[in-house]
Amino acid sequence: MQSSFPLFPEAASSIASDVDLLYFFILAVSSFFAILVSGAVVYFAIKYRRRHPDEVGQDIHGSIALELIWSVIPFVLAMVMFFWGAELYFRIARPPADSMEVFVVGKQWMWKVQHPEGVREINELHVPLGRPVRITLGSEDVLHDYYIPAFRVKMDAVPGKLTTMWFTATKVGTYRIFCAEYCGTQHSGMIGNVIVMEPQDYEAWLAGGRTTGTAVENGERLFTQLACITCHKTDSSGRGPVLAGVFGSTVQLMDGRKIVVDENYLRESIMNPQAKIVLGYQPIMPTFQGTVSEENLLQLIAYIKTLKAPAAAPAAGAPAAAGQPGGK
Amino acid sequence: MTHAGNHSGSYLDAPHGIASWLLTRDHKRIAILYLISITIFFMIGGLFAAGIRAELLTPAGDLFTADLYNKVFTLHGVVMIFFFLIPSIPATLGNFLVPIMCGAKDLAFPRINLLSWYLYLIGAMLTLGAVFMGGVDTGWTFYTPYSSMASNTNVTLAALGVFIAGFSSILTGFNFIVTVHRMRAPGLTWFRMPLFLWAMYATSLVMILGTPVVAITILLVGAERALGFAIFDPRVGGDPVLFQHLFWFYSHPAVYIMILPGMGVISELVAAVSRKQIFGYSFVAYSSLAIAIIGFLVWGHHMFVSSQSIYAGLVFSIITMIVAVPSAVKTFNWAATMYKGSITWESPTYWVIGFMGLFLVGGLTGLFLGAMGLDVHLHDTYFVVAHFHYIMVGGGVMGFLGGIHFWWPKMTGRTYPETAGKIAAILVFVGFNLTFFPQFVVGYLGMPRRYHAYPEEFQILNVMSTGGATVLGVGYLLIVTYLVASLFKPRNASANPWGATGLEWDIPSPPITLNFETEPIVTEDAYNYVGRAQKAREN
């Protein structure tokens, strides 16, 4: 896959050549100024070399015009780089709505991957060609960073929250995955490969993988095992909010804030339930810190995301009956 | 005190004895104490660097264990940044020159100045103690939760050393600011000050405003390790990313503590080697302040992939691009100063040209990292390693060595062999580029930082780096050798060997203890080479 002495990385994602283009633009501007200034310095040093021991330079103090020119031109170029870089960054940061999802958990010192279909892998990641892949990233211990140079993307895995990254692979092949955030002894061993496959090969690979149920099925099983269901009932009689349709909705908290329910809010509500209580409920939910692993958490969230509000149900998350005791 | 020009009255000679040095309040002697200490730490840090480069000669992690390698790169960073680079120019050349350039007898608070050296030493000893007790492996950045929860090395002790050394930095900055405000000689208005003073003033602002924040941050990590405070630990509601905000709030400005003094030195040297008024004096002066102030608002550019809000990232990115402008302005002005100058080819010129070449590359590669979409790829790769070495070593250390070569005759009364000085500058320049330029390439290829072992396709570039580091090491050893050797020769330096302007060149080499026989009165702008030459002709 790699030549023995490459000087430039392979470009194997939809964003890679755009990143390279910005790189070459800044490289061209930088080279121009580096050559201009160092050339001038060397030229002046030779041309105006001291010829007599008592010689002094000419009486020149400065020039407002020149100061303006060499402030404004670099400023304008820097702003071009800023806007270009920002536009690219926002594209890298925002996954397309139709992305397929993969869960990745960093752990000293390995990458644990689960596909929604239930197939799991360690340090490898199989993805289909040409489809946007959204990775939901968690960490079980310290900071890690999921980095795929050939795709020009990386993202920190931060303990205590979920982060996301995405890419669309554009070339079949095997590409390196590195942990890019220092994480202790085997940091440099926390590496792996992304394997980009033709869609039909990918489907065959998925079908051939051993699974213990899809992520959603596992999440549903956990939802029952952990007795979430006793409080978070499907109707409004539970002590906790109804979870059907809660994902993506806006809820009002006890302190008056309104927030959108996303993966991080669900994660926080399971691991640190007292942090943000929905208005109308009591802070009675226990923490599942230590009980639920990051992988289980991703399964639970995958399950909760599938719970759709029935057409006639009241707005999700709103307290069903004010007098009812409830948790979150 | 004895007469000017009579070397027996120099600050080096009287009073005699070890105690007279260890209890001295003379800013020049304290500068020498600092110079000796930071040179020792530079060598220790250099040994760790040699270890890193030796390990990375081959892809397999075969020289050290992974744990040992992690300690080696951590200690390289900790020692070089906190115990060499941050004190380097301010505590040595700054201590020596700030009072003299102000036309004063000493700094405003001589005892506090001595205290700062002792605090530095205590901090350095504690950190060295952590080394001897088995080292520390968090990286110089001490990122949580690894540092607060996971690492079982001597984090607390090493961090305590950094915490205490921080106070020496605060005290030095405070001393400089008061001295510049209150102790300038009659006639030395702000805009007659040498640009080195402007740079020291701007650096001091960063030292006193930024250092307390890192002190608090380190204290919080210690509290979390020792007492279980939940500041950064996500399991109990803490936030590991908060640490990064606090850490970089200081540590990005700290880069300016390392580079602004180098810029100040180069401003002096460019004018002196060109015998010419600096081009755009006020622009160079104000750009130091602009860098110091704007530099406080860019810390989040270290965190574009940390899960920081992407909108916060926008603000940090645009301010990062803006802070590039005053650096560009300085560089253009230095180059323009040489236009129609009278440029000597003595050794300081080699350092000036070397600084400009390396600082240009360092500054320009910062643009790649400030552009967010590109930083996603480059973050935490060797591209970043190469970039900050071009700034800190290419800018900071080249400035420091340039300054040492320029003011060595003034500080010690001795000259060093010119040819050796030129050869060393060339060795350092070539060795440095050979070490770090390939790292830009290997970084864009995707090689991450802090890797004990790496895939084989990165080897050739790493071999080049190690080869370059060897040349660089020879260059540094050569400098230490001829400078130390010069101390064993009789004093032979004249008061003004370079024919430079500035109050320090109007007094003997080495200066007398109280610097000036009578308080100087300043009647001209800095770098008035043309005016002085005219006057000389008229007489």
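**Two chains in contact: a predicted model**

Reader: How many residues does the contact take from chain A and from chain B?

Author: This is a predicted model, in which local features need pLDDT of at least 70 and side-chain atom pairs count only at pLDDT 80 or more, while totals for chains, interfaces and linings use all residues. Residues are numbered from 1 along each chain as its sequence is written, and chains are lettered from A and ligands numbered from 1 in the order in which they are written. Two residues are in contact if their C-beta atoms, placed from the backbone, lie within 7 Å. The contact takes 79 residues from chain A and 83 residues from chain B.

Reader: Which element gives the largest share of the side of chain A that touches chain B?

Author: Helices (H or I, at least four residues) and strands (E, at least two) are DSSP runs, numbered from the N terminus. Elements that each supply at least two residues of this side of chain A include α1 (16-47), α2 (64-93) and β9 (173-179). The largest share, 18 residues, comes from α2(A).

Reader: How many residues of the side of chain A that touches chain B are nonpolar?

Author: Ala, Val, Leu, Ile, Met, Phe, Trp, Tyr, Cys and Pro count as nonpolar, Asp, Glu, Lys and Arg as charged, and the others, Gly among them, as polar. The side of chain A that touches chain B has 19 polar and 13 charged residues. Its nonpolar residues number 47.

Reader: How far apart do the C-alpha centres of domain 1 and domain 2 of chain A lie?

Author: Domain bounds come from an automatic or database domain assignment. For chain A, the assignment gives domain 1 (1-48 + 95-211) and domain 2 (215-306). The C-alpha centres of these two domains of chain A lie 31 Å apart.

Reader: Why is chain B described as being as compact as a globular protein of its length?

Author: Chain B has 16 helices and 0 strands. The radius of gyration is taken over C-alpha atoms, and the globule rule is 2.2 Å times the number of residues to the power 0.38. Chain B is as compact as a globular protein of that length because the globule rule gives 24 Å for 539 residues, and the radius of gyration of chain B is close to this, at 23 Å.

Reader: What percentage of the residues of chain B count as buried?

Author: A residue is buried if 20 or more other C-beta atoms lie within 10 Å of its own, exposed if 12 or fewer, and partly exposed in between, with C-beta atoms placed from the backbone. Of the 539 residues of chain B, the buried share is 62%.
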